Structures are given as structure tokens and as C-alpha cells.
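Please look over the model shown below before reading on. The notes that follow are grouped by topic.

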Amino acid sequence: MSLVDSMSMAKPNLESRGKILARLRGRELVNCFQCMKCTSGCTALKLLELKPHEIEKLVNLGLVDELVSSDIIWTCVTCLKCVQRCPQKASPYHVIFALRNLAVEREVKAPEALMKAVSQVLETGLAEVVQKVTSRKMETCDRESLKLPKIVSPKESFQAVFLKALEEKQQ
Amino acid sequence: MKTAVFWGCRTLTSQYGYELSVREVLPRLGVELVDLREALCCGDPVKSVNDFAANYLAARVLALANLAGLENLLIPCNRCHFTISEAKKIVEQDEKTGQKICGLLKEEGLKYNPAVKIWHVIDFLHDLVGLDNVKKTVEKPLKGLRLASHVGCQIIRYSDLGRVDDAENPRKLDELICATGSECVDYAEKLDCCGYHLTYSHSDSALSLAGSKLKALQGLGVDGLVVSCPDCGTMFDSKQKDAATTVGAKLSLPVVYYTQLLGLALGIPQDKLGLQLNQSPVDLLLSKISA
């Protein structure tokens, strides 16, 4: 059953649709005429059946709540080909990211690794943990042994301001 | 020429070969790299969670470059380059968001300066240092090598944002590869994505994207793949073995960063370029150079 089939019984929610449009900083989305250029070039289409033109249509129909709780919005690879190629500037990538933001705001399940990266940024300033690596000759190396400069963490004031930014109510 | 440099998380925490080679190669071309006061996330993983907070992080990077008093900011990572370019546009064009972000920066005594220019290694070398100057610095032309380029997604799309190269027919990396004396081949899968972003949610699919591209390239019989993004490097080099299992192929394709390749052509010793850290069989490529 495709994403569209599963929504045949759903009721449009225009308020949620308005929330997505507000985050897009423009109304180009309503100009989508379903030419499917986005889907024909989509990196995630073959692998995970992401069809950006369907996402566009569903948002335009007001079926936003269903999309927000669907796993499909987490399949985008962010190759940006759809943004580049859309003749209507209705950027599916930005629509998908607006849906992801709304999903997080509503506390719908988001990929754990992503949430972990964000809390890592809050803690250390970086999204990743500094790793030791192994050379092809099986020697363990780190920044120090490679004579790379020490990583300087953000000043203490950063954490409070970043937290404020995370709590800023989006449109 | 002095330039600020923002590395991004991946380069600083695991892709040391990229950092080593950039730090080694650029000074030979007359560029002095100045690290920002702090290491910080560009905001990329935060984009999925909270667009405003992501743009704040990116704007903070630009404010740190301004604090260093430098107008050119080099960003060797494709994802960071995109995130910061998009935030720059938003801060400068969306007045309400821009004001809010500048307000937050002010709390830490930081100031956003629209004059800060963003560069990636590719356009920095090709356009600012200049392709001819790169050619002139080559001491040891890498004759006889047949290489393929992978420019990645986020430094070439989307064009409205002002990107490093053409979205559908990027040529700068190829020209830079040719400048080292090697041959650069064109291939059908050139614009295919490495899949990195999917590692957050669908890691097997991410690996199979990388694997399919490597498999196609191996079929072409090239001597190696040249990348210029730490995410692409992670997928094609560090995770090449894992990628091979997802596509059921035996992969043994040397993958190097462009700055590592250029470093070889400048006569810099391999260990100074971090080539011992590449996980793909780069010895296959290196033996052809010394032969």
C-alpha cells in the first residue's frame, strides 16, 4: 500500500498545512504541478520509495499530520537534486525538513542517532565524539600523535544561548 | 594570503587525513590558515530537529570568522559549506530571523558580519589561488594515473544559493585533478550521492548507495576516486568494506582526498598527508606514482 492509499481516509488539517507554509518562507509549494521531476531524480526513490511529488501533493491537500508521523520523511538523503530541478521552486527538500521539525516539535519519534548528535552539540559544541583511528598498518593514532592542534571547546556561555535557540518557538 | 578555516565535526573527529593534507598543502600555495577561536558544529544535524537553532549555529561560525578579523572563511566540508551558506542567506534576507539570531550572538559578545565570504577547498584552489598557480606549484606530475572525481552534492546544489560549481556538470574538481598531471575520466554515476546523511536513519541503505557507486567505478578500471568532503570520504574510504557487503561485491578502489593527491604532486611525504590513515587500498595508487 502506498503512502497515498493509506491516506484515502484521512481528513485534511489546514492549520498544520499553514504551519508548514509559514516555515517555508514562501508559498511556492502551492505551485507544484506534479511534473515528478523531483521523484525521477530522487536518490532515495529506488532504495526507500521516497516520492517527493507525493509529499508535495499531500501537504497541499492538508494531510500534514499523517506525514509528520510517517517514517517516510526520514528517508531523504539531502542530495538536493529536487531543489535544483524543480521548475516551480517548490523545493521538496525544504518541505520534508519543515515536516521533520514539526515531527520533533510534536515529539513524534525521530531517528535516535540524530537526536544524539544534537545533544552532543549541546554538551561539547561538536556533533561527534573525537575518535582514535587505526592506520592501514594497524597503528592507533589520535590528534596528538598526528600532531594536530588540540580541539578548543566553545566558551561556557555557548550552552545557555544554544539552549535558548532550541527553545525559540518557530513560526 | 590569510584565511580563516572552519573544519566541521567529521574532519576534526575522524577524517584526520583530510585535515592533515589541507594543513600541509595550502601553505605551499601561499595560504596561511587561521583556526577559529573554537571548534563548533555547523548546525547540519540540527536542521532536521530545529531549523532556527541550526541557523543560529551556522551564524555563530560566521561570527567567529568575523571575530578573527578575516573576510575569507574556508570550509573544507560540503555539508558545513551548504548549511552555513543557507544560514547566511536567511540571516541576511529574512529580517525577523536575522534580528533574532544577531540578538542571540550579541549575548556572547559576537557580531555577524555579512562581508565574510565562504569558500570550499575546490573553489578556493580553482578560483582564488587560481588553477594556473596550482599547476605551477606541481613539482612531481602524477603522469599515467586515470582518476575519477566525486564532487559530492551539497557544494553544487542548489544554484540559487550560489554554489561552488555547476549543479549538473561540475568541472572544477576535474580540472584540479588534471592540474596534478593525472587524467580524469567522466562517468555516468558522477553525480550519484555517497549516502552519508542516511546513516542517521537507514545505515544499510546509506552503505548501499556508496557501494553501488564504488562498484560502478571499479568496473571502469580507474586507478582511484578523488573526493573533497569528509562525509564522502567516510562513506567511500573508511566504510568501503562495509559498503562492499551491502552490494555483494569485492571492492578495492583507492579513495583519496583531493588535497592528498595534490600534496603528492607537490612532493610532500605520504605520512604528512595522512595517507597511512586511508582505509581503502591506496597503496595500489601510490605504487603507480612511485613507479
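Where chain B meets chain A, the contact takes 48 residues from chain B and 54 residues from chain A, two residues being in contact if their C-beta atoms, placed from the backbone, lie within 7 Å. This is a predicted model, in which local features need pLDDT of at least 70 and side-chain atom pairs count only at pLDDT 80 or more, whereas totals for chains, interfaces and linings use all residues. Residues are numbered from 1 along each chain as its sequence is written, while chains are lettered from A and ligands numbered from 1 in the order in which they are written.

**The side of chain B that touches chain A**
- Two or more residues each come from helix 1, helix 2, helix 3 (44-47), helix 4 (51-67), helix 6 (95-107) and helix 9 (203-219) of chain B; helices (H or I, at least four residues) and strands (E, at least two) are DSSP runs, numbered from the N terminus.
- By class, this side of chain B holds 22 nonpolar, 14 polar and 12 charged residues, where Ala, Val, Leu, Ile, Met, Phe, Trp, Tyr, Cys and Pro count as nonpolar, Asp, Glu, Lys and Arg as charged, and the others, Gly among them, as polar.

**Domains of chain B**
- Chain B is assigned domain 1 (2-119) and domain 2 (139-290), with bounds that come from an automatic or database domain assignment.
- The centres of domain 1 and domain 2 of chain B, taken over C-alpha atoms, are separated by 24 Å, and the contact takes 21 residues from domain 1 and 24 residues from domain 2.
- On the side of domain 1 of chain B that touches domain 2 of chain B, helix 2 gives the most, with nine residues.

**A sheet in chain B**
- Four strands of chain B form an open sheet in the order 2-1-3-4, with parallel pairing; two strands pair if DSSP finds at least two bridges between them.
- Strand 2 (32-35) and strand 4 (117-119) of chain B stand at the edges with a single partner strand each, so one side of each has no neighbour in the sheet.
- Strand 1 (residues 2-5) and strand 3 (residues 72-74) of chain B run parallel and are joined by two bridges, and B:Ala4 stands opposite B:Leu73 in strand 3 of chain B.

**Chain A**
- Chain A has nine helices and two strands, and its elements run α-α-α-α-α-α-α-α-β-β-α from the N terminus on.
- The C-alpha atoms of chain A fill a box of roughly 60 × 40 × 30 Å, taken along the principal axes.
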